[in-house]
Amino acid sequence: MAAKTHRTAAHPTVLSTRALNRATLDRQLLLRRSAMSAKHAVAHLLGLQAQNTKPPYFQLYARLTDFDPGELSALMESREVVRIVTLRSTLHTHTADDALTLRPLVQAARERELKNFRRGLEGVDLDRLAAVAEELVVERPRPVKELREELLAHWPDADPLALTVAARCLLPLVQVTPRGMWGRGGQVALTTVEHWLGRPAEPVPAPDATVLRYLGAFGPASVMDFQAWAGLTRTKEVFERLRPRLLTFRDERGVELFDLPDAPRPDPGTPAPPRFLPEFDNLLLGHADRTRVIPAVNKGRNGVGNQAYGSVLIDGFFDAVWRVEREGGTAILTVQPLRNLVRDERAEITEEAARMLAAMTDATDHDVRFGTFLDYGD
């Protein structure tokens, strides 16, 4: 049964936190696994957070039926998906088409980052830096260290880190394979997305289409939610322009939410099976107000300092962390609950963990444990 969505202009329907949770999980393919292809899923989700190389594979495993990591790896090798810095100045795995459109959309934001490095870039002509860096990486993909040394030869008094950050901000650089492929290593080597894909980027697009796609994957959502996800500002006018095409709601705090009229909004009582998400999963970073997935009491508890761990969704909410270690041929997955679990919850979590170990590791034996490995210091 779907949640009620009728409303009036004066009194929009209020969506509870649990209603928002179920709607978002449905669109994130986390209420039930989808049979869509890996490429289709990457496009539907508008990319996969990819600071580290393995999380994109675990994001898809949590969402797709019979997911084979080799499918995403093959897409990378055939250049149908790429690793590129886009949203929130963070490395993402995007389809080729999205890399050529989303990066121009956020390009101005990437260039504004350089204000944080202006001291290290004193005396550096940024237009010339972009031209020199582009010539270098188009000649052949350059490892970061090599690119930095080449740029330092032109600007020996500049800060080395600032030079490489400037190249990344000014140019749409992709990490070329084998970096990011499943079961294969490779240092970071960079070239431009246009050179790697053999076609030019699109002109800077209006944000309208991206807003609609965002709502389809993360909605219902507020203007601030979209801005937090995209790393953009001043998009209220875009939502106002789209308002006639959208439904509006309020959350329990009174914040206005926008949504696609035909998007799924399941009954808040819809069961949500446990899901193991990797560190930095899109779901956990897709909103300014993350309480639809992360209970307030668990804010910031999926890691300590710079070390992040995987998150376990229990009844749709982040209520445990997890990690995998190897002891010989055995993969040991430890779950650290953040609240007391009932017997059925432990049993469901154990079953899901065992399936993931079988699908996503080459270990001959698997062991699922409940224990403590993260000290929050409180």
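Predicted model: local features only at pLDDT ≥ 70, side-chain atom pairs only at ≥ 80, totals over all residues.
Is Leu171 buried or exposed? Leu171 is buried, at a relative accessible area of 6%. Buried means under 20% relative accessible area, exposed over 50%, and partly exposed in between (1.4 Å probe, protein chains only).

Residues are numbered from 1 along each chain as its sequence is written, and side-chain values use heavy atoms, with hydrogens and water left out.

**Figure 1. The whole chain.**
The chain holds 14 helices and 15 strands. Helices (H or I, at least four residues) and strands (E, at least two) are DSSP runs, numbered from the N terminus. The radius of gyration is 22 Å, close to the 21 Å of the globule rule for 378 residues, so the chain is as compact as a globular protein of that length. This radius is taken over C-alpha atoms; the rule is 2.2 Å times the number of residues to the power 0.38. Along the principal axes, the C-alpha atoms fill a box of roughly 65 × 60 × 40 Å. Of the 378 residues, 53% count as buried.

Take contacts between residues at least 6 apart in sequence: 67% of them join residues at least 24 apart. Contact means heavy atoms within 4.5 Å. The accessible surface comes to about 17,200 Å², and 50% of it belongs to carbon and sulfur atoms. Areas come from the Shrake-Rupley method with a 1.4 Å probe; for residues, only the protein chains shown count as cover. The chain carries 49 positive and 50 negative charges, whose mean positions are 3 Å apart. Lys and Arg count as positive and Asp and Glu as negative; His and the chain ends are not counted. Each charge is placed at NZ of Lys, CZ of Arg, CG of Asp or CD of Glu.

**Figure 2. The six-stranded open sheet.**
The strand order is E1-E3-E2-E5-E6-E4, with antiparallel pairing. Strands E1 (48–49) and E4 (142–143) are the edges, each pairing on one side only. Two strands pair if DSSP finds at least two bridges between them. Strand E2 (residues 81–85) runs antiparallel to strand E3 (residues 91–95), and five bridges join them. Here Arg83 has Thr93 of E3 as its bridge partner.

**Figure 3. Strand E6 and its two partners.**
Strand E5 (residues 173–175) pairs with E6 in the antiparallel sense over three bridges. Val174 stands opposite Thr191 of E6. E4 and E6 are also antiparallel, over two bridges. There, Arg142 has Leu190 of E6 as its bridge partner. In a regular strand the side chains alternate between the two faces of the sheet. In E6 (residues 189–192), Ala189 and Thr191 point one way, Leu190 and Thr192 the other, and all are buried.

Leu171 sits in the loop between helix H8 (160–170) and E5. Leaving aside neighbours within four places in sequence, Leu171 is in contact with Arg103, Ala130, Ala133 and Glu134. Arg110 is 61 residues from Leu171 in sequence, and the two are 9.4 Å apart, C-alpha to C-alpha.

**Figure 4. Asn21 and Asp315.**
Asn21 belongs to helix H1 (residues 17–27). Asn21 is buried, at 0% relative accessibility. Residues up to four places away in sequence aside, Asn21 touches Arg292, Val293, Asp315, Gly316 and Phe317. Asp315 lies in the loop between strand E12 (310–314) and strand E13 (317–327). At 30% relative accessibility, Asp315 is partly exposed.

**Figure 5. Backbone exceptions.**
Most residues other than glycine have a negative phi, and most peptide bonds are trans. Phi of Asp315 is positive, near 55 degrees. Phi of Arg79 is also positive, near 65 degrees. Arg79 is in the loop between helix H4 (69–77) and E2, and is partly exposed at 35% relative accessibility. A cis peptide bond joins Thr177 and Pro178, with omega about 15 degrees. Pro178 is in the loop between E5 and E6. A cis bond also joins Gly219 and Pro220, with omega about -5 degrees. Pro220 lies in the loop between helix H10 (208–218) and helix H11 (223–230).
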